[in-house]
Amino acid sequence: MRILLISQDFPPDVGGTQTYALELARHLTMYCDDFAVIAPEQPADASVDAQLPFDVLRVPATKNAISLKALPAVLRLVRTRSFDAAFHVQWPSVLVSRMIKPMGGPRRIFVAAHGRELLLEPLSGVPGKLYDRIRRNLLRRADGVFAVSRYTRSLLYELGVRPERIAVLHNGTDPTRFSPLDVSDIRRTHGLDGRKVLLTVGRLVPRKGIDTVLRALPGVAREMPDALYVICGEGPDRERLETLARDLQVADRTRFLGEVAYEDLPRYYNACDVFVMPSRQVRPFVEGFGIVFLEANACGKAVVGANSGGIPDAVRDGETGLLVEPDNETELAEALLRLLRDPDLATRLGQNGRRRVVEEATWEHTARRLYEHIARCM
């Protein structure tokens, strides 16, 4: 089978959707007779593409304009290589495949659904009702839609996608990259020795719930004076969060480390005692799944998340981590203290999490299930 993957988000740009696109591409190519990717041009993309085991056709367009600007390139490509199916990482680019299908385009069209893109308001200059009608039309007419969580599936139901066309395929991670490591050097460098370390990895935006962790920290510190909260990531909410930490008088037990290189993330996961990210659900800003929970679990760490969006699919409450209600700092403090007081429990949840990743939540598992589903639909 010949598959063309189209994504408006792709490395060297970074983020959860970019990781999803890259990792599925790497694994799908192993199953396909022919495989290629179409993505927007970016600075330094040639060095990324040269290391990949498949062709990447770069389109001179911004990510939001790829749906139309990619049309000539896609048409030329499908006429020479006769792809059987197109897999779109986001719904807007499905328009390309719909337009070229009568001209020899892929026979079947599939699309992933992550969450936020199903709720976003229209782009500037596009009337809201028209934007929503286009979104509904493209999703409903796809041959198959892959939801990353049960929550995302519920959003597709709201958009009128027929249940039989939806398959829930959870995100994955790489347990060879994210694995238990000796990181005594990291702990020394950042002064973590002798501390109970809580960690969040993510973009600093309100929906991540970092402010909820800061509000829970005084309660945690009263019982665990050696508790320290480390935050890896950058974003527009940083100034507000730093001010909040000072106002709550926990700035001395909070470390904002800024952006951390992707290749260094496993070391930071391993340097913590508990990973925490209590994301809140405020439409359109939702956590469709939460790959970071799998990454932390793969490093053998217990995780604490909020019972919101798709997080309950990423965190198995009481098995790989604990779930709390979003915006509830009291409940969050109790969950964090439960794990910090009981290292054996934290270790057991972390081990369960790694076992789950290895057995069923790798990118290889996700890609194989996706390929098999597409094959059944051909």
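**Aromatic pairs, a helix contact and a loop residue**

Modeller: F275 and F293 are both buried, where buried means under 20% relative accessible area with a 1.4 Å probe, protein chains only. This is a predicted model, in which local features need pLDDT of at least 70, side-chain atom pairs count only at pLDDT 80 or more, and totals for chains, interfaces and linings use all residues. Residues are numbered from 1 along each chain as its sequence is written, and side-chain values use heavy atoms, with hydrogens and water left out.

Biologist: How many aromatic pairs does a search of the whole structure find?

Modeller: The search gives 10 aromatic pairs. Rings of Phe, Tyr and Trp (its six-membered ring) pair if their centres lie within 6.5 Å; planes under 30 degrees apart count as stacked, over 60 as edge-to-face and the rest as tilted. In one of the pairs, F178 and Y269, the ring centres are 5.8 Å apart and the planes stand at 70 degrees, so the pair is edge-to-face.

Biologist: Where do F178 and Y269 lie?

Modeller: F178 is in the loop between β7 and α8, and Y269 is in helix α11 (residues 265–270), so the pair ties together parts 91 residues apart in sequence. Helices (H or I, at least four residues) and strands (E, at least two) are DSSP runs, numbered from the N terminus. Both F178 and Y269 are buried.

Biologist: And what about F275 and F293?

Modeller: F275 and F293 form an edge-to-face pair, with 5.7 Å centre to centre and 85 degrees between the planes. F275 belongs to strand β11 (residues 274–277) and F293 to helix α12 (residues 291–298), 18 residues apart.

Biologist: Which residues form one aromatic cluster?

Modeller: The cluster consists of F178, Y262, Y269, F275 and F293.

Biologist: Changing topic: at what angle do α1 and α16 pack?

Modeller: Helix α1 (residues 16–28) packs against helix α16 (residues 363–377) at about 70 degrees, with the axes 9 Å apart. That makes α1 roughly perpendicular to α16, a term for angles of 65 to 115 degrees. Axes are lines fitted to C-alpha atoms, for helices over the stretch in contact, and angles run from 0 to 180 degrees between N-to-C directions.

Biologist: Which residues in α1 meet α16?

Modeller: T19, Y20, E23, L24, H27 and L28 in α1 meet α16 residues W363, E364, T366, A367, L370 and Y371, contact being heavy atoms within 4.5 Å.

Biologist: Last one: is T176 buried or exposed?

Modeller: T176 is exposed, at a relative accessible area of 66%; exposed means over 50%. T176 is in the loop between β7 (166–168) and α8 (184–189).

How values were computed:
Parallel < 35°, antiparallel > 145°, perpendicular 65-115°, else oblique.
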